Amino acid sequence: MQQKLAWTCLVWSGWVGGCTLTDIANPPPSPPDVAPALPIRSPDGPPSSPAGPRAPGSTADDETQPNDDPVSGGTEEGTTRPDGTDPGVTGEVSCLPPSPTTRRLNRMEFDHTIRDLTGLDLGLARDFPADDFGYGFDNIGAVLTVSPLLVEKWESAVETIVDQVIARDQNLVDPAAATILQAEEMATSIGGPIDEGWNLWSDGEIPFPWNAPRTGRYRVAIRAYGHQAGPDPVAMDLRNDTEVLASFVVEESTYQTFEAEIFLEQGPVALFVAFTNDFFSDVDGDRNLIVDHLSITDLADDAGADLSAQQVIRCDLTTQDPAVCARTIFTHFATRAWRRPVSSAEIDRLLAFLDIAAAEGDDAITGVKLGLMAILLSPHFLYRIEEELSDAEGDVRALNPYELASRLSYFLYASMPDDELFAAAADGSLLQEEVLIAQLNRMIADEKSQAFVDSFAGQWLFSRGVRDAFLDLNRYPEWDDALAAAMEMETALVFQEFLRSDRSMLDLFDADFTYVNDRLAEHYGLPGDFSESWTRVLLDEQSPRRGVLTHGAFLTVTSLPTRTSPVKRGKLILEQLLCIAPPPPPPGVEGLPEEVDPTASLRERFEQHRQDPVCASCHTVMDPLGFALEHFDGVGAWRDDDHGFAIDSSGLYMGVTHFEDHRELLGLLKQDPLVADCITQKSLTYAIGHGIDDEDRCAIDSIRADFADGGYRMRDLFTAIVQSDAFRQKRRQTSTP
Amino acid sequence: MSTNKTLSLHRRNFLRGAGATLALPFLESLRPAKTYAQSASAPTRMFAFYVPNGIHMADFTPTQAGSTYALPAILSSLAPHRADVLVLSGLDNEPATAQGDGNGDHARGTSAFLTCAHPVKTEGANLFVGPSMDQLVADHYSGQTRLRSLELGCEGGGSTGGCDSGYSCAYTRNISWRTASTPMAKEISPRSVFDRLFAGMSPDETLAQTRRRRLYRQSILDYVREDATTLQARVGLRDRQKLEEYLTGVRELEIRIDALTEAPGNQCRATEAPTETPADFERYVQSMLDLVVLAFRCDLTRVATFMLGNGSSNRSFGFLGVSGSHHELSHHQGDPAKHAALRTINTWEVAQFAYLIERLKQVEETDGSNLLDHSLLLFSSEVADGNSHGHANLPVLLAGHGGGEIVSGRHVQFSGNVPLANLYLSMMQTIGVDVDRFGDDGTNRLNALFA
């Protein structure tokens with residue numbers, strides 16, 4: 001929910017002059033048919049919390065308790081934290097949880113889910129159309145649409161996935177069979193095709209990516225020969241990322257097989273076949289290595305006994321009854337893909353694909369392939385279905401444990417539940433609060449929660465946008481993809497530290513540390529020796545680089561291709577950190593053009609257009625926030641002046657409180673209770689994929705109170721979110737979101 | 001399916017591209033690719049070329065009407081093609097105006113660009129504007145080509161923030177709308193477009209194999225359609241609508257799969273696929289336009305739209321020697337330096353349109369005419385002047401002869417609030433679409449276009 005400022009910022013002016021902001025604090029009553037004030041009934045789940053402070057259906061008059069107001073009431077001006085107590089606990093009425101629209105998987109979720117489901121990290125969603133976003137995020141159910149193009153892309157991706165899964169797994173069922181990787185099908189940068197193989201015509205290597213089904217010993221066989229020339233025979237190495245596993249002398253001039261036994265950990269592995277002694281002379285000829293394929297055989301005696309969950313083909317269709325084996329395969333795969341138990345009727349429908357294939361004279365594996373494709377193209381996979389309440393359930397129900405597991409895993413992993421979370425759903429224990437919290441903490445610690453950092457922080461703090469920034473390279477010759485990537489990484493690393501540590505999230509705005517690599521340190525002008533790897537640096541109080549608003553990513557994304565945009569910076573601070581949406585400019589002055597008067601500083605030019613009182617009402621609030629950051633240029637580099645003009649980064653915060661420079665501004669911002677409220681709103685919006693509106697005010701208030709109690713740790717915020725009714729329950733859908 | 005081996009689409013060729021940027025060898029032959037058995041003459045193709053942020057009108061609109069007008073600076077690249085082009089002035093897209101909705105002219109102008117309908121102002125939960133004219137043409141040709149239509153562009157979408165004054169990004173990123181609430185997402189990768197054009201066209205596949213493959217795909221779609229339909233009964237009101245979008249997509253895909261065997265392949269030659277998106281913007285644009293020519297020539301589709309950028313794009317045109325970003329420059333406030341920059345950008349934009357005209361002219365049809373003779377190509381922007389954001393007197397070019405009905409080579413001035421929708425009605429009727437009203441205000445054909 002954005003705090004919508006009614007009509008114009010003239011309201012603002014009133015507020016900053018001391019108005020109590022009743023327009024914001026007291027949302028208009030919701031239409032009674034949309035949000036009837038009903039008590040929560042949760043037949044299956046834990047009893048609903050009595051802490052819900054207010055019913056949204058009550059009238060505005062009922063709500064005018066001073067302490068209800070997150071902005072002006074209950075919170076002493078100038079204190080560092082808003083009042084931690086939940087002001088609205090009356091115990092009389094509960095607020096209703098939202099009813100989010102079903103969410104289709106967005107691009108990131110699709111890729112992550114396929115990775116965790118199959119073990120294949122294919123990145124196929126790269127070719128999908130851009131996801132729609134609203135309310136600041138690209139995971140909002142009501143906003144995400146499905147275009148015909150997307151369905152087409154889904155179908156094509158699903159076929160690729162299933163083909164690769166079958167190619168990988170077929171050999172695993174029969175451990176004696178080898179996986180054969182053709183050299184000419186690998187992504188090799190040197191050489192060319194020859195003799196059904198690949199000719200490495202100078203020193204280089206062919207990568208053979210593979211996914212080891214288990215940890216253990218494997219036999220690798222390389223079929224190769226050499227173009228012999230010069231004094232030495234062809235030399236060939238088998239390597240992984242870090243070391244040579246075996247070296248071979250290839251004396252033959254026709255295909256031979258070269259074998260080695262190696263040890264592999266379960267999971268993705270990169271093997272390389274390298275040509276190491278290239279030779280060429282006009283007299284003696286050209287020495288080359290020709291590789292046909294690399295095959296891998298599992299040497300474990302008990303192969304097949306201990307299948308990983310990601311193995312899809314789990315039995316041998318050629319030796320077992322195909323219908324029995326296919327049932328095993330479909331049941332295992334559909335349960336994981338659909339993130340819930342499947343009925344035998346659902347499996348029966350899938351088994352029909354074996355008959356369809358048989359009628360065409362194709363074998364059972366073809367039928368299984370069709371069934372697997374259907375599982376992935378089904379809305380049960382592509383959408384996160386939470387079924388509507390039955391009439392008996394009334395208007396609110398608790399989520400079942402599988403639905404809850406999916407909400408939790410897409411919140412933190414942007415992916416399907418992992419095995420442990422599934423298990424907690426399967427035995428129902430996830431509905432117990434302590435189990436839910438234990439799972440949450442386990443998942444925060446798991447590296448897969450990096451997805452939350454990339455997705456949530458990337459969108460909330462705009463660092464994801466730095467990849468798409470259009471910049472004028474004449475103006476910023478230093479700009480390139482490496483710098484953009486470094487900026488995005490910096491914000492991600494800083495945010496990640498807040499996720500995993502016990503720091504107050506409010507410190508995000510003046511953190512005494514950041515992460516840099518050599519490129520970024522140079523860009524920032526940080527003294528010291530840095531390398532390509534990332535270094536955590538401590539920043540003293542005088543450092544201008546404290547806090548996420550001084551990160552290159554935020555500063556670049558909020559600039560124009562050739563210069564900074566203080567208005568844009570100010571507007572985004574209001575929207576992203578304070579959840580205040582300034583109204584658009586009055587009709588006729590859209591995107592108010594900025595004067596080009598080379599004899600005036602940028603700030604002076606802005607002051608000119610602020611002469612108009614209509615403009616001034618908003619810009620007196622917005623612009624100073626941006627001007628405070630004017631010492632950072634359009635790509636976030638520090639500058640002492642703006643093309644010869646002195647920079648004045650002082651101003652009034654919200655038209656009232658003076659700050660001298662951006663450091664003081666960040667201090668004021670950090671103390672503003674609206675910030676914690678806004679973080680709560682943004683996080684809940686992301687967590688449930690639903691645009692928070694006035695109706696959800698009571699959920700925000702309750703979560704924010706717990707967030708405050710813990711000292712604004714991200715962990716406390718998440719705990720409060722996943723414990724909230726908004727997260728664990730759903731309400732009957734009405735026609736509007 | 002032809003077994004012509006020249007259609008060799010080895011994935012490896014382009015996966016392996018070794019950093020080669022897109023060369024365009026895939027138009028190996030400029031001879032006609034297909035003969036049209038059912039009708040004596042070639043069908044009329046329709047294409048729309050959208051440029052963001054308006055046009056510097058002073059250097060776009062000819063001062064004289066008729067056929068002897070002097071070419072203004074921005075249109076200079078059309079000199080070789082003036083006999084094939086109509087410059088149309090005085091057309092208004094009234095549905096794009098505010099009508100009480102406040103700011104957001106870029107979003108409104110872009111979403112009304114081909115729909116001539118007034119969009120519902122929303123952040124995204126209840127999109128509504130109207131079907132676009134290209135989609136009505138696509139309906140007309142439905143089932144006759146592998147693809148109903150092709151939506152292309154050179155700008156995906158930023159992944160942060162909003163788009164325009166409270167309008168969903170769907171309104172600034174799409175000009176093609178299948179229905180009032182379903183935008184047709186566009187492709188921005190040449191490789192991806194190429195894949196899509198030729199997907200499933202394997203030269204080595206026998207007819208029996210093609211049929212079996214089609215049957216399998218249909219059986220999967222049958223299965224998932226049943227899933228979605230069953231689910232609709234068990235989910236909430238809004239979820240039902242979401243599943244309806246899915247079902248629409250499934251139906252579209254079925255039609256497409258049908259077309260694979262109903263309209264079997266042709267002699268089209270495509271020897272090498274694009275490798276990656278060119279870093280050079282002009283090459284990028286032209287590679288997308290080449291794909292349009294390829295698709296038209298091979299009759300893989302008859303309808304295509306292209307967005308040079310998204311509505312209010314802030315692309316930097318440094319490669320033209322222009323400093324500043326497009327949207328920012330378009331707020332020129334009468335500054336001559338910004339006018340000059342806009343003139344440079346607009347001139348280049350029209351030159352890309354001229355490039356397409358040139359390529360289409362090079363393709364012969366079986367009857368000796370060329371592809372341009374059987375095309376209607378529209379060029380315009382979401383606003384007229386970028387500073388005032390007006391939707392009246394839009395910059396409009398119409399190239400091609402629409403099968404001979406259009407009298408080209410003129411500047412036609414309209415006066416008295418003539419709706420842009422009437423131009424679209426005229427184009428659709430020329431193509432043979434049975435329609436007599438379009439959008440919010442299209443009621444009449446523009447007789448001035450015809451002989």
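Predicted model: local features only at pLDDT ≥ 70, side-chain atom pairs only at ≥ 80, totals over all residues.
1. Helix 21 (residues 697-709) and helix 22 (residues 714-723) of chain A pack at an angle of about 150°. Their axes are 8 Å apart, and the crossing is right-handed.

2. On the side of helix 21 of chain A, this contact is made by I703(A), D706(A) and F707(A). Helix 22 of chain A contributes D716(A), L717(A), A720(A) and I721(A). By class, five of the contact residues are nonpolar, two are charged and none is polar.

3. Helix 12 (residues 450-460) of chain A is largely enclosed by the rest of the structure, because nine of its 11 residues are buried. Among the buried ones are F452(A), F456(A) and W460(A).

4. What do the buried residues of helix 12 of chain A pack against? Their partners in chain A are helix 3 (107-118), helix 9 (401-412), helix 13 (481-500), helix 16 (566-577), helix 20 (673-688) and helix 22. After helix 12 of chain A comes F462(A), with a positive phi near 70°.

5. Four strands of chain A form an open sheet in the order 6-11-8-9, with antiparallel pairing. Strand 6 (204-212) and strand 9 (244-250) of chain A are at the edges and have a single partner strand each, so one side of each lacks a neighbour in the sheet. On average, neighbouring strands of this sheet are turned by 20° against each other, direction ignored.

6. Strand 8 (residues 234-239) and strand 9 of chain A run antiparallel and are joined by six bridges. L238(A) has A246(A) of strand 9 of chain A as its bridge partner.

Definitions and conventions:
Residues numbered from 1 in each chain as written. Chains lettered and ligands numbered in written order. Heavy atoms only, no water. Axes fitted to C-alpha atoms, helices over the stretch in contact; angles between N-to-C directions. Helix = DSSP H or I, 4+ residues; strand = E, 2+ residues; numbered from the N terminus. Left-handed = near helix turned anticlockwise from the far one by under 90°. Contact = heavy atoms within 4.5 Å. Nonpolar A, V, L, I, M, F, W, Y, C, P; charged D, E, K, R; others polar. Buried < 20%, exposed > 50% of the residue type's maximum accessible area, 1.4 Å probe, protein only. Pairing = 2+ DSSP bridges.
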